[in-house]
Every structure is written in C-alpha cells, then in structure tokens.
Amino acid sequence: MVFNRKSKTCPEQRRRIQNLKWLGLSVIAFVLVVTGAVAQAQQPAKIAKIGWLSARPALTSAQQEIVRILRDLGYVDGKNVAFEFRYADNKLDRFPALADELVRLKVDVLLTPGTPGALALKNATRTIPIVFLDVTDPVAAGLVDSLARPGGNVTGFSSIEAVLAGKRLELLKEAVPKISRVAVLWNPHDPSSAQQWKESQLPARELGLQLHSMEVSSADKFENAFKDANQARSSALFVIASALAASSQKRIAELATKYRLPAIYPQENFVTNGGLISYGPDQAERYRRAATYVDKILKGTKPADLPVEQPKKFDFIINLKAAKQIGLTIPPNV
C-alpha cells in the first residue's frame, strides 16, 4: 500500500508508530538509570578531615599511635581520612593562629594534647568537635561544664596531673630518701603547669621537702634554670607535665644527668629519652580512648554526649642505667 502526504495513516501503522515511541522511551529511561548508577558508583567516598594541633614541630608518639589506632578502626590516610597537622614550634602564643587555620579548613574533628591547645581550639570554634588529651583539669580550665556532662563541642581524656603531683613527690622521696630540697620544673605560661605547681606545695610540706621553683617558659632557658637549681643546692628534680617539657624530654634528661639530679617525670617517654623515673597514666590506654572518641564523633555522636574520661592504669618506671650514670642506688623496696 502506498501513501502520499495527503493520505491518512492506517490503524496498523499508527500502532507500529506508537510501539516504536514506547520502545524509544524505554531505551532512554534504561540508559538514564544505568548512567545514573554508574555515576553514583564512580563518586568518591567522603573523606573525613581530622585536624591536629600540638606544640612539637615533629611527629610525636601520641600522634603516630593515634593514627595507627584509627587505621585499625578502618580510617586509612588518603583513602577515607585526611590529616591536617599544625605545630607551634614550642611557642604557645602561636596556638590561636594555628587553631583558626584548622577551623578555616573545615575539618570534621580536632585533636590536641594539653590545655593550651585545647583552649585555643575552643576559642576558635564552638561547632567543630574537639577531643583533647592530657588536660589536667578540664573543668577548672573552662573547657567543659563537668566530666560526666561536658556540654558544648569539647570532650577528651584528663590526665589528672595536679592530683598526681603529691604521689610523684612521694615516689621520688622513696627512691632517694636523703633528698630535702627538690627543684620543680614548670612553665608559668601554661595554666595546667601552673596548677600542678600550686598543688605540689602541700604534699611537699607533708613529706618534709623544700621546693625550688624552676620557671621555664622557653627551651633556651633550660640551661640557666638548671644552673640556678644547682646553686640553690637542690638535690632532686620534679618535672611537671607541660607541652614545653614534653617537647624537650631528651634535653631535660641530659641536664639532669649533667647536674646529677635524680629526677621524676610525668610520662614514660622521658625515661625512654634517658630520664630516671616516671610515674603517670598508661599512654596506650589514653591514645586508644582518644581514637575511639574520634571514631564515635565521625559516626555522628556529639561531644556533649561523651563524658571526659580519666586514667585507670598507671605506670611506674625506673631507668637503672640512668641511676648508674649519676651514682644512685635505688632502694630494694622501691
């Protein structure tokens, strides 16, 4: 059958045309669905951004260990997580600018060891979650409302250093019974360090110890501080936990050996770097807890719903090699 322009389409041809239209629409719909699925499959997974703020310019054991634990929890750097590290080069006045920089990067969670870094981050943001380590008293520092109910965007792990000040002096006295005057190394510009210095006064009196204040606010002042302590006839050294001390562990241990001062430190890292005695919270425990908190926050838990945790395990470590270097014999009972 032949049709010209003026002829009408027969019913059979109209059905064929209609079927072709439906077939075309079905093909187009199928292509769109497949294309959308492929595009969705090709979209990269969201990469979580974690900001780190600390005083030390180099990789710290805490930082490395937390990154390792997060990897065990499934967070692989460059794959589903990215780290932004900022260091203050042991200059606490740099913390505010570095904190602002991390906030501008719009990280998903912020991590920091110590009170100065935690305060700087809280001042920089009231929305991005913050997890701190080694803050002596987060309530007194104004970081949280209470340990059980932190409130706001801050939580973490308290090291209760002020509470441990008396215990460390007691252990130092047991290890070196003849001491009477103890030089206390602390940083007056660090609120946590200042609180520990204050809390050490009463237990020192109860132990019959006189304290010599070694106020050091920068790494270039250590040598003179030790000279002054030596001139003051100090017979032992008590190093208070601070960001500055943590970043100068080897230097402090060397000077303690040079001036033959039996010393007690807040963390086992000091002993690893040549120090004599350390007593403090188990480091592996707090790193694991901090990493667990980061994991929970990235999965949607609010910092306000995560109570500030305190240490449950403590390590007491003695370096017999360091004792030998200064001619010290540790009593058998210790």
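Which side chain does a polar contact of 2.8 Å join to that of Q249?

1. **What you are looking at.** This is a predicted model, in which local features need pLDDT of at least 70, side-chain atom pairs count only at pLDDT 80 or more, and totals for chains, interfaces and linings use all residues. Residues are numbered from 1 along each chain as its sequence is written, and side-chain values use heavy atoms, with hydrogens and water left out.

2. **The opening question.** The partner of Q249 is N273: their side chains are joined by a polar contact of 2.8 Å (a pair of N or O atoms within 3.5 Å; within protein, one must be able to donate a hydrogen and the other to accept it, and residues adjacent in sequence count only if both atoms are side-chain atoms). Q249 belongs to helix 10, residues 249-258 (helices are DSSP runs of H or I with at least four residues, strands are runs of E with at least two, and both are numbered from the N terminus).

3. **Around Q249.** With a relative accessible area of 5%, Q249 is buried (under 20%; exposed means over 50% and partly exposed in between, using a 1.4 Å probe and protein chains only). Setting aside neighbours within four places in sequence, Q249 is in contact with R56, Q267, N269, F270 and N273 (contact means heavy atoms within 4.5 Å).

4. **N230.** You will find N230 in helix 8, which covers residues 222-231. N230 is partly exposed, at a relative accessible area of 42%. Its C-alpha atom is separated by 8.8 Å from that of L261, 31 residues apart along the chain.

5. **Helices 3 and 4.** Helix 3 (residues 95-104) packs against helix 4 (residues 115-124) at about 50°, their axes 8 Å apart (axes are lines fitted to C-alpha atoms, for helices over the stretch in contact, and angles run from 0 to 180 degrees between N-to-C directions). Residues making the contact include F95 and L102 of helix 3 and P116 and L121 of helix 4.

6. **Helices 2 and 12.** Here residues 61-72 and residues 283-298 pack at about 55°, with axes 9 Å apart. Helix 2 and helix 12 are therefore oblique to each other too. Among the contact residues are I66 and I69 of helix 2 and Y287 and V294 of helix 12.

7. **The whole protein.** There are 13 helices and eleven strands. Of the 334 residues, 47% count as buried.

Methods:
Angles under 35 degrees count as roughly parallel, over 145 as roughly antiparallel, 65 to 115 as roughly perpendicular and the rest as oblique.
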